[in-house]
Amino acid sequence: MPAISDRAKGLIRDNLVMDMCLPWGPGYKNKESTLPRFQASGFDFVSLTVGMDRLGISETLKNIAAERARIESRPDRYLLVETAADIPKAASEGKLALGFHFQGSECLGGDKNLVGAYYKLGVRHMLLAYNQKNRAADGCHERTDCGLSRYGLELVAEMNRVGMLLDLSHTGYRSTMEAMEACQGPCIFSHANAKGVKDHPRNLRDDQAKALAAKDGVIGVNGIGFFLGPDNRASVDNFVNHIEYYSRLIGPGQVGLGLDFVYFHEQMFALYQANPDRFPEGYSPNEEDWDYFPPESLGRLVEELIRRGFRDDEITGILGGNFFRVVGRVWK
């Protein structure tokens with residue numbers, strides 16, 4: 001951890017720190033060194049992306065099985081959570097708590113009954129769509145803005161029934177508004193920034209953030225440079241600008257962390273190059289422009305929140321308390 005004040009160190013050490021989005025697809029490089037980086041930086045819980053729209057049911061199940069085996073092989077270091085209470089339990093035992101989520105609902109293959117099956121395997125939140133249109137909803141980069149399908153509405157209801165947290169990151173504007181209206185209880189944007197700070201198609205309008213706050217949901221600030229500032233840098237200042245904007249707009253109790261840290265840089269850039277329809281605007285064709293907020297910047301992030309006048313209770317909520325409140329209400 002970088003040299004930071006005792007106050008900042010104490011806020012990290014004595015409170016839960018949760019990151020609701022770490023990409024974790026099959027074949028990503030540098031996995032073995034990445035989770036120790038989060039734990040060494042002070043994180044207590046990380047949610048891993050184990051399924052996405054581009055994966056079918058078979059590949060998704062294989063990835064979940066592989067990651068469960070990875071976690072279970074190190075019971076001294078990791079704990080796969082089943083309930084919200086497992087997160088502070090893991091922290092008290094010096095372990096990193098881990099959860100699973102999907103970035104897109106195509107992992108279900110159109111069968112809402114798989115929501116409960118995936119929940120039993122550890123999947124605790126799910127996006128409806130990833131950038132593009134699918135069976136449930138439009139993505140934020142889709143040409144149209146058509147809202148939820150009938151299947152999408154059924155999917156929201158089934159997630160509510162099972163206890164899987166509805167995540168609306170990467171999803172189209174009208175689809176998010178309809179989903180929030182339909183959702184019975186809190187929902188989240190696990191990793192989504194403010195359009196009022198950086199005008200990017202991936203970022204949220206103010207009315208989306210306000211609708212989310214009305215459900216007592218939480219928005220996790222995303223650490224990818226393209227979504228942060230005009231210079232496309234994943235700097236502490238740019239990151240905190242979004243925390244500060246959301247805190248003024250909807251209150252600090254509705255803000256958290258969703259770093260979306262890309263530790264497989266070359267693979268991510270190749271994915272972008274191979275899928276222009278998935279990333280149609282707002283991204284640079286130059287690899288050196290792709291910048292990510294690393295877990296090691298957590299200490300400097302807390303120092304900047306202190307410098308900007310955030311109270312300790314507000315900071316502890318942003319670090320993890322706000323997301324912990326929501327998962328405690330939704331997970332069953």
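Predicted model: local features only at pLDDT ≥ 70, side-chain atom pairs only at ≥ 80, totals over all residues.
**Exercise 1. In which helix is the place of Glu 72? Classify its exposure as well.**

Residues are numbered from 1 along each chain as its sequence is written, and side-chain values use heavy atoms, with hydrogens and water left out.

*Solution.* 
- Step 1. Glu 72 has its place in helix H3, residues 57-72. Helices are DSSP runs of H or I with at least four residues, strands are DSSP runs of E with at least two, and both are numbered from the N terminus.
- Step 2. Buried means under 20% relative accessible area, exposed means over 50%, and partly exposed lies in between, with a 1.4 Å probe and protein chains only. Glu 72 has 52% relative accessibility and therefore counts as exposed.
- Step 3. The C-alpha atoms of Glu 72 and Gly 147 are separated by 40 Å, the two residues being 75 apart along the chain.

**Exercise 2. Describe the overall dimensions and composition of the chain.**

*Solution.* 
- Step 1. The chain contains 12 helices and nine strands.
- Step 2. Along the principal axes, its C-alpha atoms fill a box of roughly 50 × 45 × 40 Å.
- Step 3. The radius of gyration is taken over C-alpha atoms, and the globule rule is 2.2 Å times the number of residues to the power 0.38. For 332 residues a compact globule would have a value near 20 Å; the chain has 18 Å, which agrees.
- Step 4. Of the 332 residues, 58% count as buried.
- Step 5. The accessible surface of the chain is about 12,700 Å², and 48% of it belongs to carbon and sulfur atoms. Such areas come from the Shrake-Rupley method with a 1.4 Å probe; for residues, only the protein chains shown count as cover.
- Step 6. Contact means heavy atoms within 4.5 Å. Among contacts between residues at least 6 apart in sequence, 74% join residues at least 24 apart.

**Exercise 3. How many salt bridges does the structure hold? Examine three of them, with the exposure of each partner.**

*Solution.* 
- Step 1. The structure holds 25 salt bridges. A salt bridge is a side-chain nitrogen of Lys or Arg within 4 Å of a carboxyl oxygen of Asp or Glu.
- Step 2. Arg 70 and Glu 67 form a salt bridge, their closest N and O atoms being 2.7 Å apart. Both residues lie in helix H3, three residues apart, about one turn of the helix. Arg 70 is partly exposed at 24%, whereas Glu 67 is buried at 2%.
- Step 3. Asp 138 pairs with Lys 133 in a salt bridge, with the closest N and O atoms 2.6 Å apart. Asp 138 is buried, at 1% relative accessibility, and Lys 133 is partly exposed, at 43%.
- Step 4. The side chains of Arg 307 and Glu 304 meet in a salt bridge of 2.8 Å, N to O. Both lie in helix H11 (residues 298-307), three residues apart, about one turn of the helix. Arg 307 is exposed at 62%, while Glu 304 is buried at 9%.
- Step 5. Salt bridges that share partners join Asp 237, Glu 244, Arg 248, Glu 304, Arg 307 and Arg 308 into one network.

**Exercise 4. Is Phe 45 buried or exposed? Identify its surroundings.**

*Solution.* 
- Step 1. Phe 45 belongs to strand S2, residues 45-52.
- Step 2. At 1% relative accessibility, Phe 45 is buried.
- Step 3. With neighbours within four places in sequence left aside, the contacts of Phe 45 include Val 17, Met 18, Val 81, Ile 87, Leu 96 and Trp 331.
- Step 4. The C-alpha atoms of Phe 45 and Leu 319 are separated by 11 Å, although these residues are 274 apart along the chain.
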